[in-house]
Amino acid sequence: MQDNIAGQSSAYLEFGRDHWSALRDAVPLPLSQGELNKLKGINENISLEEVEAIYLPLSRLLNLYVKTNQRRGRVVEDFLGQRPEKGPYIISVAGSVAVGKSTTSRILQALLQRWPEHPRVELITTDGFLYPLAELKQKQLLQKKGFPQSYDGQMLLDFLKAVKAGHKTVEAPVYSHLTYDRLPEMQKINKPDILILEGLNVLQTAVDYREPGNRLFVSDFVDFSLYVDADTPLLKHWYIERFESFRKGSFTDPNSYFHHYAQLSESEAKKTATKIWDEINGPNLEENILPTRERANLILCKGENHLVRRIWLRQ
C-alpha cells in the first residue's frame, strides 16, 4: 500500500528516517520518558528516540507553517487598517482505526505547545461528533459506526466555523470509549493558537459524496493535513492486539458497553475482533479513509512496532 504513493503521485517528496531526522535542526527534546508514557496509546511502544527522529522534525515544520500563517495575517491587518478576529491554525490527523492517530495527535500537541509562537494548542477528536448511540440505533447505523454517515456533519461544521471565525469560546461534544456514547459534558475551546483535529474522515471532500449542491467539508477549514498510514495487514493485526488489551483492561469495567467481551476466551476474542475488522473497520478503511490519503500535506508511513519508516511531504 505505502510503496504505491510514489507511483501514484509526483506531488510528494520522499524522506527516509535518517534524512528526515536530520531536519530536526538541533531542536531540543522537551519531553521526558514519563510524559511520553502518558501520551502513548494501547500497544504503542513509541520511544523518545522515535519522538526525536520523527516528531521533532515534524513539529519544526509545523512551527514554520504556523509562523508563515501568522505573518500573512499581519499583512491583512496592515492592509485593512484593523485587527480582525483571528481563528487558530487547524491541523487535521487522519488514518485508519488502530493506526495510532490519537497518540500522534497527543505527541504533536505536547511538542507544539512548547514553541513560544503558539503556546495554546487544543486537541479535538471527531468521535464526539458521532451521533448519540440511541440515534445510531434508530437510524440503523450501529454497524456503520465510524463511516461518514454516522457523524453529525452539520454539528462538526458549525463547530469549525465558529472556531475559525475566532469566537471566544466554542464547545465540542465529548465521547466516552467506555460507554461507547457521547457524554453530556462539553469540551470548551478558548481561542487556541493551534487546533489539532483527529478523526477517520477529516480529509473527505465533495468528491466523496454523491449529493448535488455546494457543501462545506471539514477539509475546507484545515490549514495542514496529516495522514498516518500502514499496510492493511498490519492495521488488522494492531486492531486485534488492541481488542485483546481492552478485553483484559477497560472491558472488565461493569460500566463498559463492551463488558460482555471480557468473558471471551483468547481464541474467541481474536475471532470476534477479526469479524469486527472484516465487517466494519476494514471496509470503512477501503471505501472511505484510504482513498483520501493522498490529499494530505504529509503522510507518515508506519511499519512494524509503529515505527515510521518513510515520510511523504507534499511539494
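This briefing describes the overall dimensions of a protein chain, one of its helices, and selected residues in its loops. The structure is a predicted model. The protein chain comprises nine helices and nine strands. Its radius of gyration is 20 Å, close to the 20 Å that the globule rule gives for 315 residues, so the chain is as compact as a globular protein of that length.

**Overall dimensions and packing**

- The C-alpha trace of the protein chain spans about 65 × 45 × 40 Å along its principal axes.
- Of the 315 residues in the protein chain, 48% are buried.
- Among contacts in the protein chain with a separation of 6 or more, 74% come from residues 24 or more positions apart.

**Helix α4**

- Helix α4 covers residues 48–80, which makes 33 residues.
- From its first C-alpha to its last, α4 reaches 45 Å, close to the 48 Å expected at 1.5 Å a residue.
- The helix has a kink of about 35° at Y55, and this position lies shortly before the proline P57.
- Just after α4 comes G81, whose phi is positive at about 75°.

**The buried arginine R293**

- R293 belongs to the loop between α9 (266–289) and β8 (298–302).
- The relative accessible area of R293 is 4%; because this falls under the 20% cut-off, R293 counts as buried.
- The side chain of R293 makes a polar contact of 3.1 Å with the side chain of D229.
- A polar contact of 3.1 Å also joins the side chains of R293 and E294.

**Positive phi at residues other than glycine**

- A26 is located in the loop between α2 (17–22) and α3 (33–39).
- Although A26 is a residue other than glycine, its phi is positive, near 65°.
- A26 has a relative accessibility of 71% and is classed as exposed, because the cut-off for that class is over 50%.
- N305 sits in the loop between β8 and β9 (308–314).
- N305 is not a glycine, yet its phi is positive at about 60°.
- With a relative accessibility of 58%, N305 likewise counts as exposed.

Conventions: Residues numbered from 1 in each chain as written. Predicted model: local features only at pLDDT ≥ 70, side-chain atom pairs only at ≥ 80, totals over all residues. Heavy atoms only, no water. Helix = DSSP H or I, 4+ residues; strand = E, 2+ residues; numbered from the N terminus. Expected span 1.5 Å × (residues − 1). Bend = angle between axes of the 7 residues up to and from the residue. Buried < 20%, exposed > 50% of the residue type's maximum accessible area, 1.4 Å probe, protein only. Polar contact = N/O pair within 3.5 Å; in protein donor to acceptor, adjacent residues only side chain to side chain. Rg over C-alpha atoms; globule rule 2.2 N^0.38 Å. Contact = heavy atoms within 4.5 Å.
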